[in-house]
Amino acid sequence: MEKIKANELRIGNFIFECATYEEFLDGTKTEITPQKIITITSILEDGVNAYAFYWNQYECIAYSSLIPIPLTEDWLLRFGSELGGNTKNYTTTEIGKIYSLGYINISIFDGSISVEVGVNDYFPVDIKYVHQLQNLYFALTGEELTIK
């Protein structure tokens with residue numbers, strides 16, 4: 001899984017904090033804290049301050065412990081995107097779903113997500129993660145993409 005770079009983050013982004021493990025001499029591991037969703041509250045030189053929903057508390061987290069959240073249909077629904085109907089991939093003739101968030105159209109074909117931006121003409125955008133969609137939405141609208 002890719003690690004997140006500091007310049008990709010904004011206050012309000014949702015990301016995963018890595019699970020932490022305790023490793024024993026015999027090579028076995030025990031999970032101490034599970035992977036959890038956090039929201040960025042401030043960005044620091046060596047990490048972030050974030051609100052951890054799982055623990056219901058604020059904590060400071062190193063960049064090395066941050067993992068992007070893959071963009072899924074579930075996340076699109078959490079953000080209140082509207083299902084615009086079905087769409088057809090003319091290359092594979094596969095039928096998929098299309099969602100919209102303002103100027104952003106998101107197509108889903110068999111779990112694979114493609115994102116396009118525009119009004120009359122649409123341009124493909126390489127978006128794989130929730131924080132990237134949040135950043136794109138903010139850049140286009142000036143508003144935060146929040147969970148509904």
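How many of the six residues of strand 5 (residues 47–52) are buried? Five of them are buried (under 20% relative accessible area, with over 50% counted as exposed and partly exposed in between, for a 1.4 Å probe and protein chains only), so strand 5 is largely enclosed by the rest of the structure. This is a predicted model, in which local features need pLDDT of at least 70 and side-chain atom pairs count only at pLDDT 80 or more, while totals for chains, interfaces and linings use all residues. Residues are numbered from 1 along each chain as its sequence is written, and side-chain values use heavy atoms, with hydrogens and water left out.

**Strand 5 and its partners**

- Strands (E, at least two residues) and helices (H or I, at least four) are DSSP runs numbered from the N terminus, and two strands pair if DSSP finds at least two bridges between them.
- Strand 4 (residues 36–43) pairs with strand 5 in the antiparallel sense over five bridges, and the two form a hairpin with three residues between them; Ile40 has Ala50 of strand 5 as its bridge partner.
- Strand 6 (residues 57–62) also pairs with strand 5 in the antiparallel sense, over six bridges, and Gln57 in strand 6 is the bridge partner of Ala52.

**His131**

- His131 lies in helix 2 (residues 130–141) and is buried, with a relative accessible area of 0%.
- The side chains of His131 and Glu8 are joined by a polar contact of 3.0 Å, the term denoting a pair of N or O atoms within 3.5 Å where, within protein, one must be able to donate a hydrogen and the other to accept it, and where residues adjacent in sequence count only if both atoms are side-chain atoms.
- Leaving aside residues up to four places away in sequence, His131 touches Ile4, Glu8, Leu9, Asn13, Phe14, Ile15 and Pro68, contact being heavy atoms within 4.5 Å.
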